[in-house]
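This report reviews how the chains of the assembly shown below meet one another and how selected elements within them are packed.

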Amino acid sequence: MTAFGILVQVTALLSGGAYVLVVADRLMSGTGSVRTALAYPVRRLSFLLLQPATTTERPDFEAWILGPALLMALAAVGAVAVPIAGPSAGGDIDAGLVLFGAAMLIVLVAVFIFGWGPNSVLPMIGGYRMAAMVLSVGIPFSLVVLTTAIPAESLSVGMIVEAQSSLWFVIVQPLGLPIYLVTAAAIAFWGPFDLPEGADLAGGVVAEASGLRLATWRFARAALMVTLSLMGQAVFLGGYLGPVLPGWLWTIVKTLVLLVLLALAGRTIARMRVQTFVWFGWVVLLPLALVDVFVSGWLAL
Amino acid sequence: MNPGPLSYFLVSAFGIGAVVSGWLVFRTDSMLRAAYWLMVSFVAVGAMLIVLDAQFLGLILILMMSGEMTIMAIFMILFMMNPAGLNPMTMVHQHRTSIIAGVGSFIVLAFVGVVAEFPDRPVPAGNATVALGEELLGRSMLVFESAGVALLAVMIGAIAIAAKQGRFGDAFDGSEEPSIDVETGDRS
Amino acid sequence: MGGIGAALVVFLAALVAIGVAQWVWAVTGERDLTVPERVPFAGGVEPEFHAWNRFHIRYYAMALLFLAFDMEMVFMYPWAVVFVKEGLLALIEMLMFILILIVGMVYAWREKSFEWA
Amino acid sequence: MGLRARLAHLAKTGDVPVFVVVGGGYRSAVHRLRLVEGISIVASPRHASVLLIAGALTNDATGTVSHVHDQMAGPRVTVAWGHPEPSVIPVQTTVNGDVTEVATTIRRLFHDVLSGAVAPEQPLLPDVDAVEWRGVGPYGHGGAGMTGGTPYGRPLALRAPARDNLELDQLPVTVGPWFTGFPPGLALRISLQGDVAQAVEVAPTNLIQAGPAGLFTRALSEPTPIRDLEMARARHHIEWMADTLEIAGVDRLAVRADRIAGMISPGEVDPVERLVKAVRRSLLRLMTLRNVGVLPGEIDLAGLGPVVRATGVADDRRREEQAYRDLGFEPVTHSGGDAWARFSQRAAEAVQALDLAGRAGDTRAFGNGEVEAPDGLHRMGEPDPANRLVSILETVLIGSEWGDLVTTIQSLDIDMETVSVGTPAP
């Protein structure tokens, strides 16, 4: 597949996934019917595109603009590492797992500069919270993703999917998917870990953002959630493998399952304190992820 | 495989990008920008490695540097006065010394680069990552394990020096000189 | 180049598209804003100082710990690929390595590096 | 139809982002507004298009409300709801009706401003240019060291010794009075070092004009039916729970609590008990509230209602009322004294209040100058408990991380209606 083809494919996938996520999130938030929820993303986007621009007194103009753009680019590049339809259809990057891991760690940079940009105290605290979060879960996140490479003997996501032809890794590595979902929610600052955008900071990193800036940021974050779900299903739920249906359809179905699961958790679990989170990341998630690595390794021998 | 014109173009472009962003590190007033220009420089070097068919090394460099440079940004903002460069300032000091050091190290590195005989051993057919892993578990095992001990020393050292409070209470209490007033034992 | 070339194209396309859209939006829209419209929001009172300051992070010890573990991740990637081939040797070697690092994590925990305030 | 018109057509039937400035007597009403479909109450004016001024404000509020008005991204429209003329800032429309009426008005104005029938409001405050300032010195350094001067119109943060004995910056920032994490009207000048409050000072505020005397105020002078008192208490506590859940990010349960608060009836404790079970499942205790906001022992909490009862002390004026004793009233208490204890305490009191209301019949209580209100003991001629709660903030918040600071303030349930601190700066 050409680079242009992959670009179109990723754009379609991320936009569609983002739409589903916004609708699901709106349904979970407690008010409103299904009909309004289905129209919500379009109406909301229309309003944000109409909203006049705002700024602050002395922002770091470039950093503030680069935040959403970088977040979007990282979400997109992470999605490229995942094969959608089958083993041969593009996306076979030898070190795809490393590419994905690097992109997800740089998310911290995007959020940090977006919080720093407006020169306002509430967004700035939000950015620093993101730093505390990613530095705490970055290692367990990388570890559980890496563990799936052990039985596959390759860092290519396509090979990891192929290695699941007899049994999905969600069963072989029972600790993997739960840890992955928790850390992925933190990296997408979603759900109980939306500390950088918390209500206790009046929106945190987005407290000063309006109009197109808010729209691109929200879209990029939703796309990031899609990318994380996409990788989650590829390395734990067997990706495009499945009976009857074509491969790409299996990918989409499994991605949506994880996406809706994350959306549900986001609105039903209370936001974690940042200090509790740092403790949780290092003292609970990191040892569990290491157990996952060694037990899975032992089983793979 | 033989490098095509695209590879030459990309390597040159990323190389120039790395140098320019490295130069920009010292041309900005903002600590945040300085740290992230350095990251851009490292990412460009990583991209060069990727173009040169060392995909894993290039990506792992980018992965490492993304985390490290944010920590660097955080620490630079923490310690530098006027971290956002709201007051104009210069990042360059001691011009004469730094010019001499810069030119000197450029000459030495260029000399090494031109004169040294680099081994002409292409990676054996197959995956470079696999070769790296075998090296790690074979000949370089001692190096690898010593790295573990070194990292442990780094962790304990960093925490012992930097942490404000530990299980024995406030670090500053312990580091204070004992009171002269021996009879009451009061520390003021 | 294959997949990785596509990754570069997608990265740059997304970066430029979103970046330029926002740049145009900001440059054209911000011109006419008055000074009070630009005041950062903190509940209705004008700030006395610039928000940018030497932000005193309390988790600096944890950040240093991350640096060490990030190094460890570099070794883990090639290790994972050859794990099955090398077998028990790989398991034991990495277990040793990780246990050494875990000592550091436990030390940090005991020294209360994961709490602040 | 142009692109702009097409977008406006799509947007005007969508959610209206409303920033609410809550004045005297309208806290409960705003809770009901949140339940209206198509109205989305936002936390930052940068996200809002409609500014709703609900309830009465004093003239001192003009400055801060104007600031919020100008910070709105727009297209701006201002609506007053139950806000007496003349309003603190110019408004498009004044509504005095119920929730449905104000929601309809907001929707109509949003519709009109997007389609161009109503011109968006212009900024209120004068456009005075900040002083452009460039540093002096060989490289343009600041005049007095690198941190001197007032670049772009403001000075840089202060230097202050940190607790870690590093001399780093201290950033004094005044947050509130319309910051949604704090009770409406409360403004704090917080000296932040990183995300930790190094010093806290309650900013002089007298912004909220008390609404008409509530049930508990009237009960000071005349015996009042226990049924009414306990229903009001239950509603107050459930709405407070909704606020807590909202700040903790569990919007789904916050909406549910608001819905329950609007339809409780005497004796029906079931919905509230189910809500509390759902809250337990949301892990609110483990995630957010446990060990947060423990008040120091030397603070006298007597008469502070649920706050003191959450420390295990059965301090309740209702025990001394014969009518309550006849109903077999015994105060519930919780131990721990942290934010979770206060949450469980209020939840248990809401259940107990509904139970009492169901059994009370027509009996009356109080009327002798002392009333146990939801926020503590009110005495005729004495300041409300809220005044004491505000005065302890300056000590209890020191050393809190930002999120804990907001949680602690929220857990104390401060109503700024009857509080006035100093005189606001001109």
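## Contact between chains D and A

In this predicted model, 45 residues of chain D are in contact with 45 residues of chain A. On the side of chain D that touches chain A, the elements that give two or more residues are α1 (3-11), β7 (167-175), α6 (226-247), α7 (251-262), α9 (284-289) and α14 (402-412) of chain D. By class, this side of chain D has 23 nonpolar, 12 polar and 10 charged residues.

## Contact between chains A and C

Chain A also meets chain C: 64 residues of chain A are in contact with 57 residues of chain C. Seven elements of chain A give two or more residues to this side, namely α1 (3-28), α3 (61-80), α4 (96-116), α5 (121-147), α6 (149-152), α10 (211-236) and α12. The residues of the side of chain A that touches chain C divide into 44 nonpolar, 15 polar and 5 charged.

One helix pair within this contact can be described in detail. Helix α12 (residues 274-300) of chain A packs with helix α4 (residues 88-110) of chain C at an angle of about 170°, and their axes are 12 Å apart. Because angles over 145 degrees count as roughly antiparallel, α12(A) is roughly antiparallel to α4(C). From α12(A), the residues A:W282, A:V283, A:L286, A:L290, A:F294, A:G297 and A:W298 take part, and in α4(C) they meet C:L91, C:L95, C:I98, C:M105 and C:W109. The residues of this helix contact divide into 11 nonpolar, 1 polar and no charged.

## The parallel sheet of chain D

Chain D contains an open sheet of 5 strands in the order β2-β1-β3-β4-β5, with parallel pairing. Its edge strands are β2 (39-41) and β5 (93-95) of chain D, each of which pairs on one side only. Direction ignored, neighbouring strands of the sheet are turned by 30° against each other on average.

Two of the pairings illustrate the arrangement. Strand β1 (residues 16-22) of chain D pairs with β2(D) in the parallel sense over 3 bridges, and D:V16 has D:I39 as its bridge partner in β2(D). Strand β3 (residues 50-54) of chain D runs parallel to β4(D) and is joined to it by 5 bridges; here the bridge partner of D:L51 in β4(D) is D:T78.

## Burial around the sheet

Which residues of β4(D) lie on each of its two faces? D:V77, D:V79 and D:W81 are on one side, D:T78 and D:A80 on the other, and all are buried. Strand β4 (residues 77-81) of chain D is accordingly described as mostly covered, with 5 of its 5 residues buried.

Helix α2 (residues 27-34) of chain D lies across β1, β2 and β3 of chain D and runs at about 170° to β1(D). Helix α3 (residues 62-71) of chain D is largely enclosed by the rest of the structure, because 7 of its 10 residues are buried. The buried residues of α3(D) are D:T64, D:V65, D:H67, D:V68, D:H69, D:D70 and D:Q71. They pack against β1, β3 and β4 of chain D together with α2 (35-38) of chain C.

## The nonpolar core

The largest nonpolar core has 349 residues. Those with the most contacts inside it are A:A76, A:V98, A:V107, A:A223, D:V50, D:I53 and D:I106. Leaving aside residues up to four places away in sequence, D:V50 touches D:V16, D:V18, D:V77, D:V79, D:I106, D:L109 and D:F110.

## An exposed loop position in chain D

D:G116 is placed in the loop between α4 (99-115) and β6 (158-161) of chain D. Is D:G116 buried or exposed? It counts as exposed because D:G116 has 12 C-beta neighbours inside 10 Å. D:G116 and D:L405 are 289 residues apart along the chain, and their C-alpha atoms are separated by 43 Å.

## Organisation of chain B

Chain B has 7 helices and 2 strands, which follow the pattern α-α-α-α-α-α-β-β-α along the sequence. Of the 188 residues in chain B, 32% are buried. Among contacts in chain B with a separation of 6 or more, 51% are between residues 24 or more positions apart.

Key
Residues numbered from 1 in each chain as written. Chains lettered and ligands numbered in written order. Predicted model: local features only at pLDDT ≥ 70, side-chain atom pairs only at ≥ 80, totals over all residues. Axes fitted to C-alpha atoms, helices over the stretch in contact; angles between N-to-C directions. Helix = DSSP H or I, 4+ residues; strand = E, 2+ residues; numbered from the N terminus. Parallel < 35°, antiparallel > 145°, perpendicular 65-115°, else oblique. Contact = placed C-beta atoms within 7 Å. Nonpolar A, V, L, I, M, F, W, Y, C, P; charged D, E, K, R; others polar. Buried ≥ 20, exposed ≤ 12 C-beta atoms within 10 Å, placed from the backbone. Core = buried A, V, L, I, M, F, W, Y, C linked by C-beta atoms within 7 Å. Pairing = 2+ DSSP bridges.
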